[in-house]
Amino acid sequence: MIHLKKAPEIKKMRKVGKLAAKLLEYIAPFVEEGISTQAINDICSKWIKEHGAIAGPLNYKGFPKSICTSINDVVCHGIPKKEDLLKKGDIVNIDITLILDGYYGDTSKTFLIGEVSDEAKKLVEVTKKALTRAIMNVKPGERINIIGNTIQDYVTKYRYSVVTELGGHGIGRHFHEEPCVFHHRQKQKGVVLKEGMTFTIEPMINQGKKDVFTDPYDKWTVYTLDGLLSAQFEHTVLVTSKGAEVLTIRD
């Protein structure tokens, strides 16, 4: 069942969403050539504790770190490592999920490391715009498939593909709630969006084909099958009477 949030819950979700956004802003200056993803994880972990929050990914179904760091052809769920040093030309998605007062806030951003190729820059730009366009179409009475339709229609203009095996999700007192949020076109229109719904929109856009695979050893890291780049941006949104409120908006 989809749980519609009431005012006291929305207040808590705004608070945790704002904190998650602040962490992405805080970590940005550290995301540069030469730093390891483990170091980024450690900086985030320390900041989270100092602000009285909990890292949502840590120990979630066995995930070993506080954040996800996904470089180049890693679509999502990349595990921070000491040996993973960011290099000039890389793109890296940093995915932050915090728990505060029993509620979750989830957001991510793809960073450019130094001078990147025009192709990589374009992929990241289009992915970010696809998320923005999808959010703009969220409003009460609309069907949830408007999200996937909007994203796929936009990115296919650039011959990119949408990862279909993974998607967004409801969020609140639990990391993953109903509804599922697909980022590609659906034959079924899906649920009607209602005021009080909270969910993530987090399109994963591939430079090449949509096919992905999960690392057979760590059971978490998802890669593009063709080895080409993948980019992602994510926000937690609230359906209001007027449209969508982005709970993880950054300054």
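**Exercise 1. Which residue stands opposite Ile99 in S5?**

Solution. The model is predicted: local features need pLDDT of at least 70 and side-chain atom pairs 80 or more, whereas totals for chains, interfaces and linings use all residues. Residues are numbered from 1 along each chain as its sequence is written, and side-chain values use heavy atoms, without hydrogens and water.

Strands are DSSP runs of E with at least two residues, helices runs of H or I with at least four, numbered from the N terminus. Strand S4 (residues 91-100) pairs with S5 in the antiparallel sense over 10 bridges; pairing requires at least two DSSP bridges. Within S5, Tyr104 is the residue opposite Ile99. Two residues lie between S4 and S5 in this hairpin, and Asp101 in the turn has a positive phi of about 55°. In strand S5 (residues 103-112), eight of the 10 residues are buried (under 20% relative accessible area, 1.4 Å probe, protein chains only).

**Exercise 2. Describe the open sheet of three strands.**

Solution. The strand order is S3-S12-S11, with antiparallel pairing. Strands S3 (74-76) and S11 (212-214) are at the edges with a single partner strand each, so one side of each lacks a neighbour in the sheet. S11 and strand S12 (residues 222-224) are joined over three bridges, with Val212 opposite Thr224.

**Exercise 3. Which residues of H3 and H4 make the contact?**

Solution. Helix H3 (residues 118-136) contributes Val126, Lys129, Ala130, Arg133 and Ala134, and helix H4 (residues 145-155) contributes Ile147, Thr150, Ile151, Tyr154 and Val155; contact means heavy atoms within 4.5 Å.

Conventions:
Axes are lines fitted to C-alpha atoms, for helices over the stretch in contact, and angles run from 0 to 180 degrees between N-to-C directions. Buried means under 20% relative accessible area, exposed over 50%, partly exposed in between (1.4 Å probe, protein chains only).
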